[in-house]
Amino acid sequence: MVLSKTASETDVSIHSTFASRYVRNSLPRFKMPENSIPKEAAFQIINDELMLDGNPRLNLASFVTTWMEPECNKLIMDAINKNYVDMDEYPVTTELQNRCVNMIAHLFNAPLGESEAAVGVGTVGSSEAIMLAGLAFKRKWQNKRKAEGKPYDKPNIVTGANVQVCWEKFARYFEVELKEVKLREGYYVMDPAKAVELVDENTICVAAILGSTLNGEFEDVKLLNDLLVEKNKETGWDTPIHVDAASGGFIAPFLYPELEWDFRLPLVKSINVSGHKYGLVYAGIGWVIWRSKDDLPEELIFHINYLGADQPTFTLNFSKGSSQVIAQYYQLIRLGHEGYKNVMENCHENAMVLKEGLEKTGRFNIVSKDDGVPLVAFSLKDNKRHDEFEISEMLRRYGWIVPSYTMPADAQHITVLRVVIREDFSRTLAERLVLDIQKVVHELDALPAKLNAKLTEKQEQVKNGTVKKTAIETQREITAYWKKYVTERKSNNKTQIC
């Protein structure tokens, strides 16, 4: 006798996932399902959906590391179940973090004695690091104002308009006024002279950026320090500097060792850096280093003992993984000065290859500087017919993720594209990207004349006031025409292939 079962009754573990019912049923998206599913099905379905994500290594929008050596990947996976906050249970991991803090402090020329330990902490990124540094500045300023019997309810911080959004978060979350130095066309970083003009008795610090997110440029921290020293002498204030070296902190010491931006400058009291950017570690690790113990108020440090022993902690988070701390230590001892210098030189040279290739097309203005973070920011010389957003969108067809964005105030009329050169971006990829950008530009040039005419006509009507349309209405019409054209071209291509 042959015994048989229906498909729904058989053991799903002996079947291919694609032969099971799980691939023909929709999975819950907002509520947890009532029943379990086999581990193979769960893996396959999630893995399949993740295929629709972009390729991280072709994501040229991001500064964050997307490749590490297999040996380090193994260390990361071996430590994936360690909670870093359990310092008493994982003392070696804690020791590795302390070693990283000291190595980075020495890299930034902290004035430490022969056997003096550095003051710093690992964070989940530069955002948390900036929050901690900002809180230290605020508390020190408040303590001083209280001791002097002066008001301490209106602290402010001076930055450029090019700062990363985490500074705006700090200002809003911790009730600090953000005083921004506006940008201008051709000058896309904070002007030190204008920054010092904004400083008053309520300024808790001036934040300088070593590696602007917009164009990779280093701000002139040395000039800022010198101007602020003079103002402090004139006013009797002691306004300090924080350096946001999220992107440039692991670049400047190796490519520009003579550049004075760090603790060599007396007013620099704290520095943050992203280990997950040019520290060459996967996402989830940042560092903040203070010049000395005096620059970190003791009352901000908490002491706990319910995990086994007295443990000092100064973080916004509590539990976090140990893997990234271990990975950072791996990179520091694996590469050393020699390895980091080689990586940064490669990145810089590949950035120059990309820049020169774009310049040869004759279609782009280069907005970034040769010195600074290895990236290339560029804009169209003529964007009347086509703009940078169209180029960004069309490059995705080739797999590239290249962001386009407008500059902050008062340079918001400038639109740029930006390519970040990371460790795993080779010269071959740089040359390939130039070719693909040329293809995109030529495809845009081939747009039907009627489309261009209609857009130009509508722009002229709006300009002359004959048609009153809002900016969003105009943008929607342009997008609609553009999508219609792309759809028609796709349809024509399919017909030709068939």
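This is a predicted model: local features need pLDDT of at least 70, side-chain atom pairs count only at pLDDT 80 or more; totals for chains, interfaces and linings use all residues.
1. Local features require pLDDT of at least 70 and side-chain atom pairs count only at pLDDT 80 or more, while totals for chains, interfaces and linings use all residues. Residues are numbered from 1 along each chain as its sequence is written, and side-chain values use heavy atoms, with hydrogens and water left out.

2. Strand β5 (residues 241-244) is covered on both faces. Ile241 and Val243 on one side, and His242 and Asp244 on the other, are all buried (under 20% relative accessible area, 1.4 Å probe, protein chains only). Strands are DSSP E runs of at least two residues and helices H or I runs of at least four, numbered from the N terminus.

3. β5 pairs in the parallel sense with β4 (residues 203-209) over four bridges; pairing requires at least two DSSP bridges. Val206 stands opposite Ile241. The β-α-β crossover from β4 through helix α7 (residues 221-235) to β5 is right-handed, that is, clockwise from the first strand over the helix to the second with the strands pointing away from the viewer.

4. β5 also pairs in the parallel sense with β6 (residues 268-274), over four bridges. There, Asn272 is the bridge partner of Asp244.

5. An open, antiparallel sheet has the strand order β10-β11-β13-β12. β10 (364-366) and β12 (404-406) each have a single partner strand, so one side of each lacks a neighbour in the sheet. Three bridges join β12 to β13 (residues 415-420), with Thr406 opposite Thr415.

Conventions:
Buried means under 20% relative accessible area, exposed over 50%, partly exposed in between (1.4 Å probe, protein chains only).
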